[in-house]
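Q: I am new to this structure and would like to learn how to read it. Could we go through a few features together?

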Amino acid sequence: NRQKQCEHKALLPQHLVTSTWNRPEELFIAIPLHALVSNSVALAYIYLLPFWFLVETAGALTELSLAPLGIHLPPINHAPWLSRNAPEFWGKRWNRMFGDWFHQTCFHPLRRRPHVAMMFTFFLSGVIHEVLVSVPLWLVYGQNVFGWMMAFFALQALSVWLDRRYLRNSIIRCLSLWTFLLLPAPLLMNEGTRRVFHLVLK
């Protein structure tokens, strides 16, 4: 029996051997959980809701901190789950503080070429996210996720462009929005984003 136990131990990750072998009743729970949390794609979707909650909390704290100074900011998000299409989500409901800034810096100077303005806005957003997330992750932890943010925002630009140019049916527009948001979500919720928001299992 002891020889069989040793053979089984060799097949398990070391931390499972030390944490679960003395409690066999936990073994069948620990193995599937380990397989789940070690998968970065699964983690991305698991942390979407906490990520949204932290963004809302950060926006609310910013509003409260500036209110005594007479600066009254609108909520950072405006019920994004009610969005019916990609332009509505990115233009009116998600992260309106940055949305206003992008409108002034990108759309206004390029207002005669709206498609160029839109593409440049998402390009600039991707660059900002790379600098804030990918660069620190590489410098501190040596992990390379360069290009993930750029890919995510490039897909969002494509989503908005397709919506404006080709989509007319309201149901298809809504399905397109959430498909382009949720399927590539792991690109956004990568290791760097999770560490920035302290959404990392220890």
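Predicted model: local features only at pLDDT ≥ 70, side-chain atom pairs only at ≥ 80, totals over all residues.

Q: How much space lies in the largest pocket, and which residues are the closest to its centre?
A: The space comes to about 1400 Å³. Of the 46 lining residues, Phe-89, Trp-90, Trp-94, Asn-95 and Phe-153 are the closest to the centre.

Q: Which helices each supply at least two residues of that lining?
A: Look for α5, α6 (86-93), α7, α8 (114-141), α9 (148-165), α10 (170-182), α11 (185-188) and α12.

Q: Which residues of α5 are buried, and why are they on the same side?
A: Here is the general idea first. An α-helix has 3.6 residues a turn, so residues three or four places apart point the same way. In α5, the buried residues are Phe-51, Val-55 and Gly-59. They are on the same side of α5 because they cover an arc of only 75° around the axis. Among the elements covering them are α7 (96-107) and α12 (191-196). Leu-49, Phe-53, Leu-61 and Leu-64, on the other side of α5, are exposed.

Q: What is the relative accessible area of Ala-58?
A: Ala-58, found in helix α5, has a value of 38%, so this residue counts as partly exposed.

Conventions. Residues numbered from 1 in each chain as written. Heavy atoms only, no water. Buried < 20%, exposed > 50% of the residue type's maximum accessible area, 1.4 Å probe, protein only. Helix = DSSP H or I, 4+ residues; strand = E, 2+ residues; numbered from the N terminus. Arc of directions from axis to C-beta. Contact = heavy atoms within 4.5 Å. 1 Å grid on protein atoms, 1.4 Å probe; cavity = no way out; pocket = protein on both sides within 12 Å on 5 of 7 lines; lining within 4 Å. Points joined across faces, edges and corners; volume = space filled by probe spheres on them.
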